[in-house]
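User: Hello! I am new to this structure and would like to get to know it step by step. Could you help me?

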Amino acid sequence: MNTKVLEEELNKVDICGEAPEAEPYRQYYYIKKCREIIEEKSRKLGRPLTASTVTFGCQMNARDSEKLAGILEQIGYVMTEDEHADFVIYNTCTVRENANQRVYGRLGALGSIKKKNPHMLIALCGCMMQEPEVVEKLKKSYRFVDLIFGTHNIYKFAELVAARLESDRMVIDIWKDTDKIVEDLPADRKYPFKSGVNIMFGCNNFCSYCIVPYVRGRERSRNPKDIIREIEQLVEDGVVEVMLLGQNVNSYGKNLDEPVTFAQLLREIEKIEGLERIRFMTSHPKDLSDELIEVMRDSSKVCRHMHLPLQSGSSRVLKVMNRKYTKEDYLSLVERMRTAIPDISLTTDIIVGFPGETEEDFQETLDVVRKVRYDSAFTFIYSKRTGTPAAAMDAQVPESVVKDRFDRLLAEVQEISKEMSSRLTGQTLPVLVEEKNDHDPHLMTGRLSNNLLVHFPGDESLIGKIMDVHLKECRGFYYMGEAAPKRGR
Ligand code: SAH
Ligand code: SF4
Ligand code: F3S
C-alpha cells in the first residue's frame with residue numbers, strides 16, 4: 001500500500017488504548033507504538049537509527065525483505081546496506097545446506113559487531129527459523145540474537161519489534177502453519193520501476209527432496225482483486241514491470257472460494273493500463289496449461305521467458321522425486337510452447353546426485369538439456385534436507401561421482417547457453433533500463449523481454465524507461481548494444 005494512504009490510517013490510530021484485534025489495524029497500532037520508542041531513542045543518541053535487511057533466499061524471500069524494510073522505515077529507522085546498523089535482520093533460506101551455513105557464518109561476525117555496540121538489535125526470520133533444531137541451536141549458542149520469527153507471521157513484524165523494544169529478553173514467535181493472508185501492509189521496494197508481487201504462498205507439491213512445503217506451509221492463493229489492486233497502486237507509483245511470485249504459479253487460484261486459473265489472472269493483469277511487462281515465477285511443468293500458453297502467445301505484456309524447472313531428465317528419478325511428469329511429458333510441453341511462441345526463452349533448474357541417480361539417469365538429463373537447448377540453467381548439487389523423504393532414501397550418491405556429473409552438466413549447459421543467448425544479435429528490441437553499469441559509468445544496463453541483460457551507452461535519466469536497443473554483439477550471457485533512434489514504445 002502506498003505511504004500516503006498508510007499515513008492516513010496511522011493518523012487514525014490511538015495508542016493510548018488497547019491494540020485492536022483485527023488486522024492490519026493491529027499492526028498499524030504497533031507501528032505507531034514503535035515510532036514513539038524509536039523517536040525517543042534517536043533523540044537520546046542525537047542521530048537517526050539505522051536498519052539493514054539481508055536476504056539469503058529466493059525471490060519470495062526477497063519480497064518478504066521488502067515488506068520488513070517497509071515496516072522498519074515506518075517505525076522510524078533509516079535503511080542502510082551496512083551491517084553496522086542499529087537493527088539488522090537476516091531473512092534466511094534453508095533450501096540447501098550451504099544456504100544454512102552462510103547464515104551461521106555471517107551471524108558469528110554480526111555477534112562481534114554487536115559486542116562493540118550493545119544497543120544493536122539482531123533479528124532472524126525466514127525459512128530456516130521454521131526448523132525446530134535451528135531455533136534450539138540459536139537459543140543455546142547465539143544468545144545475542146534479539147528476535148526470532150518464522151515465515152507464517154511475518155505480517156506481525158511491527159508487533160514483534162514492539163515486544164522486543166518493550167522487554168530485554170529474546171523474543172521468539174514461530175508458527176507451524178497459517179491460513180491467513182494479511183493485506184495492506186507497507187513494503188519498501190528495491191527498484192522504483194519494477195516489483196515482485198506475491199500471488200500465492202506455500203506449496204502443496206512435496207517434491208521428495210524439497211524442504212519448502214515444510215517451512216512455507218500449505219498453498220494459499222491471494223484474492224485476484226487484492227492482486228489487481230496492489231498492481232494498480234504499484235503502477236500509480238511508477239512501476240512498469242511486475243514479477244508474479246509463487247512456488248507453483250500454475251496451480252494459482254485452485255483453492256479460492258471462486259476458483260480462478262493462473263491464465264485468467266494474467267488476462268486481468270494484462271488489462272492494467274500503464275503496466276508494460278509481466279513476468280512470473282515459478283512454473284511447475286505438471287500444471288502448465290494450454291490456456292496459459294495461449295495467453296502468453298497473444299499477450300504483448302507477458303515476457304518471452306519461461307522458467308520451467310526440469311530437476312531431472314530421467315522419468316524414473318522424476319517419479320521418485322514426486323514431480324508427476326515424465327521426460328516425454330516435459331519434452332512435449334516444451335515443443336508446444338516453442339511452436340506457439342517461437343521466440344520464447346526457456347530456463348530451468350536441475351538437481352544432480354539425487355539419491356539412486358545412476359549414470360544412465362544422468363545421461364537422460366543431458367539428453368533433455370541437448371534437446372531443449374535452454375537459454376540458461378541453474379544447476380544444483382543435491383542437498384540432503386532432514387525431514388524430507390529423499391533424506392531417508394538409500395543409495396545417496398558419492399560426492400566424487402556427483403561432482404564429476406555436475407561439472408559435465410555445467411559444461412554442456414554453458415556451451416548451449418552461449419549459443420542460444422547470441423541468437424538475437426543484430427536485432428533491435430525493447431529493453432527496460434534498470435541501472436548504471438557496475439564497471440563502466442558510461443554504460444547503462446537493461447533487460448530484454450527474454451530476461452537477458454544488455455549494456456549500452458546512456459545516462460541515468462533512462463532508468464525505468466523502456467527503449468529500443470540495437471543488439472550489436474553478444475558476449476557470452478549478455479549483449480553490448482546501442483540505443484536505437486526513437487521509434488517509441
Ligand atoms: N518451486 C520451485 C522451486 C523452488 S526451490 C519449483 O518447483 O520449481 C528452487 C530450486 O532449488 C528447485 O527448483 C530445485 O532445483 C532446487 N532444490 C530444491 N531442493 C533442493 C535440494 N534438496 N537439493 C538441491 N537443490 C534443491
Ligand atoms: Fe519444492 Fe517442489 Fe514445491 Fe518447488 S514445487 S517448492 S521444488 S516442493
Ligand atoms: Fe529458500 Fe525459503 Fe525461498 S527455503 S528458496 S527462501 S522459499
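This is a predicted model: local features need pLDDT of at least 70, side-chain atom pairs count only at pLDDT 80 or more; totals for chains, interfaces and linings use all residues.

User: Are α3 and α6 roughly parallel or oblique to each other?

Analyst: Angles under 35 degrees count as roughly parallel, and 65 to 115 degrees as roughly perpendicular. The axes of α3 and α6 cross at roughly 50 degrees. The two helices are therefore oblique.

User: Which class do the residues in the contact of α3 with α6 belong to: nonpolar, polar or charged?

Analyst: From α3 come Leu68, Ile71, Leu72 and Ile75, and they meet Phe157, Ala158 and Val161 in α6. No polar and no charged residues take part in this contact, and the 7 residues are nonpolar.

User: How are α9 and α10 oriented to each other?

Analyst: Helix α9 spans residues 262-270 and helix α10 spans residues 290-298, with axes 8 Å apart and an angle of about 20 degrees. Under 35 degrees, a pair counts as roughly parallel. So α9 and α10 are roughly parallel.

User: How many charged residues are in the contact of α9 with α10?

Analyst: On the α9 side are Phe262, Ala263, Gln264, Leu266 and Arg267, which meet Glu291, Leu292 and Val295 in α10. By class, the contact has 5 nonpolar residues and 1 polar residue, and the number of charged residues is 2.

User: Which charged residue is in the shell around ligand 3?

Analyst: The shell holds 4 nonpolar, 4 polar and 1 charged residues. Among the residues surrounding ligand 3 are Gly57, Cys58, Asn61, Cys93 and Cys127.

User: How many nonpolar residues are in the shell around ligand 2?

Analyst: Ligand 2 has Cys203, Phe206, Cys207, Tyr209, Cys210, Val212 and Pro213 among its surrounding residues. Asn205, Gln247, His284 and Arg323 also surround ligand 2. By class, the shell has 3 polar residues and 1 charged residue, and the nonpolar count is 7.

User: What percentage of residues 49-166 is strand?

Analyst: In an unreviewed entry, UniProt places the feature "domain: MTTase N-terminal" at these residues. Over this stretch the end C-alpha atoms are 17 Å apart.

Note on methods
Residues are numbered from 1 along each chain as its sequence is written. Chains are lettered from A and ligands numbered from 1 in the order in which they are written. Side-chain values use heavy atoms; hydrogens and water are left out. Axes are lines fitted to C-alpha atoms, for helices over the stretch in contact, and angles run from 0 to 180 degrees between N-to-C directions. Helices (H or I, at least four residues) and strands (E, at least two) are DSSP runs, numbered from the N terminus. Angles under 35 degrees count as roughly parallel, over 145 as roughly antiparallel, 65 to 115 as roughly perpendicular and the rest as oblique. Contact means heavy atoms within 4.5 Å. Ala, Val, Leu, Ile, Met, Phe, Trp, Tyr, Cys and Pro count as nonpolar, Asp, Glu, Lys and Arg as charged, and the others, Gly among them, as polar. A residue is near a molecule or strand if one of its heavy atoms lies within 4 Å of it. UniProt positions are given in the numbering used here, feature names are shortened, and annotations may be inferred rather than shown by experiment.
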